[in-house]
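Welcome to this short tour of a protein model.

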Amino acid sequence: MKAIYQTQYGKSDVLQFGEQDLPKLKGKELRIRNHAASVNPRDWLIRAGRYQLQFLVPSFPLILGSDFAGEIVALGDDVEGFHVGDKVFGMKNPSEGLATYAEEVLAPAENVAIIPDGISYVDAAGVPLCSLTAWQALVNKAGLKSGMSVLIIGASGGVGCYAVQIARALGAVVTAVCSGKNSAMVTELGASQVVDYNQCDFLKEGNSYDIIFDTIGRHKLDVCKPVMNPGGIYVSTIPTPENLKSMMITKIKSLFSKPCKKTSVVMVKSSGDDLEKIADLIVSGRLRPIIDRVFPMQEASQAHDYSRSLRARGKIVLKIS
Ligand SMILES: NC(=O)c1ccc[n+]([C@@H]2O[C@H](COP(=O)([O-])OP(=O)(O)OC[C@H]3O[C@@H](n4cnc5c(N)ncnc54)[C@H](OP(=O)(O)O)[C@@H]3O)[C@@H](O)[C@H]2O)c1
């Protein structure tokens, strides 16, 4: 199969396009003819050997990529509930071998969902990792309920675009933090207020929040506390030692005292069940894929450089075939 692979860590020019062996199908897996993969910041961190969970990453030749969208071409012996020809999407954890920058992808059936009708492979590939991160942060970690006030930092990025839509769909009142040029986009996605971080500081706006979801990990609980409601939670996508320590301490504290302000860190996991909930939101028109740029697979290094600029509005997608 054709794939983008690397035989050493380094800058984006280590990415090569060429033939790689077809992976071997196991009992609980699906073989998927892959049409699109998205680029996530973790891809260029892994490429450079700088990912926090690098020890889980397969050895060289390494094929990067977490998100995929394509059709099933074969089923493992133990798979139930899927059929050859089904159009599916999903994400792969590093421990499952990544390898979605490729024409064929293997994925555990339990981590895959059917692509809603009318959604293209390119759009579908932009959904899984970022929307699952947003869902798992807001719902599983923060316990988002209708009527809560939610601040989303990095609202125009891959995770942020889905976080705004999910929070709004579940009935929260959303304030988005992004640069002024993205204000209209995040408003259209469901934010009722936008803070342009180049002009104002959300810490000085006089509002307070039940949930602060920091998708780009620029803040921390101690800084955000003054604008958090009692029992509020700060959730970060970045597992810094400080965030992890604060998560442990505030978890223990909350067992013994009145509701206290807490830290949490989301570490996204692939899940077909969670992805089905995202697919339901797409079907009901409450969430849509946000695609910034599409690159042909052969231009993966340019796509990585663009992602590294941290200026993407929504998702960057590689078109595989
Ligand atoms: N722990 C996990 O499981 C997990 C999962 C997914 C992602 N992550 C991490 O989360 C981070 C975000 O991921 P992503 O895919 O959303 O990245 P992304 O799409 O590359 O984020 C780009 C966005 O960041 C925004 N941004 C940059 N500087 C900002 C600032 N100072 N304040 C507010 N917004 C700012 C930009 O908005 P403007 O142009 O408007 O400034 C742009 O829209 C990455 O570090 C990624 O590795 C972790």
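How far apart should the ends of helix 4 be, at 1.5 Å a residue? The twelve residues of helix 4 should span 16 Å, and the end C-alpha atoms are 17 Å apart, which agrees. Please keep in mind that this is a predicted model. With that said, here is the picture, topic by topic.

**The whole protein**

- The protein is built with nine helices and 15 strands.
- For 321 residues, a compact globule would have a radius of gyration near 20 Å; the protein has 19 Å, which agrees.
- Along the principal axes, the C-alpha atoms fill a box of roughly 55 × 40 × 40 Å.
- Of the 321 residues, 49% are buried.
- If you take the contacts between residues at least 6 apart in sequence, 69% of them join residues at least 24 apart.

**Two domains**

- The domain assignment gives domain 1 (2-127 + 289-319) and domain 2 (130-265).
- The contact between them takes nine residues from domain 1 and ten residues from domain 2.
- On the domain 1 side of that contact, there are four nonpolar, three polar and two charged residues.
- The C-alpha centres of domain 1 and domain 2 are 28 Å apart.

**Helix 4 in detail**

- Is helix 4 largely enclosed or largely open? Ten of its twelve residues are buried, so helix 4 is largely enclosed by the rest of the structure.
- The buried residues of helix 4 are Gly158, Val159, Gly160, Cys161, Tyr162, Ala163, Val164, Gln165, Ile166 and Ala167.
- Their cover includes helix 3, strand 8 (149-153), strand 9, helix 5, strand 11 (209-214) and strand 15 (315-319).
- After helix 4 comes Gly171, which has a positive phi, near 95°.

**Backbone points to look for**

- As background, most residues other than glycine have a negative phi, and most peptide bonds are trans.
- Leu98 is not a glycine, yet its phi is positive, at about 50°.
- Ala99 also has a positive phi, near 70°, and is a residue other than glycine.
- You can find Leu98 in the loop between strand 5 (87-91) and strand 6 (104-108), and Ala99 lies in the loop between strand 5 and strand 6.
- Leu98 counts as buried because it has 24 C-beta neighbours inside 10 Å, and the cut-off for buried is 20 or more.
- Ala99 is buried too, with 25 other C-beta atoms within 10 Å.
- Which kind of peptide bond runs from Phe60 to Pro61, cis or trans? The bond is cis, with omega near -5°.
- Pro61 sits in the loop between helix 1 and strand 4 (67-75).

- Lys181 is in the loop between strand 9 (173-178) and helix 5 (183-189).
- Lys181 has 12 other C-beta atoms within 10 Å, so it is exposed; a residue counts as exposed at 12 or fewer.
- Lys181 and Ser156 are 25 residues apart in sequence, and their C-alpha atoms are 9.7 Å apart in space.
- Val317, by contrast, is buried, with 26 other C-beta atoms within 10 Å. Val317 lies in strand 15.
- Leaving out residues up to four places away in sequence, Val317 touches Ala36, Ser38, Val122, Ala125, Gly126, Ile291 and Val294.
- Val317 and Thr263 are 54 residues apart along the chain, and their C-alpha atoms are separated by 32 Å.

Notes:
Residues numbered from 1 in each chain as written. Predicted model: local features only at pLDDT ≥ 70, side-chain atom pairs only at ≥ 80, totals over all residues. Helix = DSSP H or I, 4+ residues; strand = E, 2+ residues; numbered from the N terminus. Domains from an automatic or database assignment. Contact = placed C-beta atoms within 7 Å. Nonpolar A, V, L, I, M, F, W, Y, C, P; charged D, E, K, R; others polar. Expected span 1.5 Å × (residues − 1). Rg over C-alpha atoms; globule rule 2.2 N^0.38 Å.
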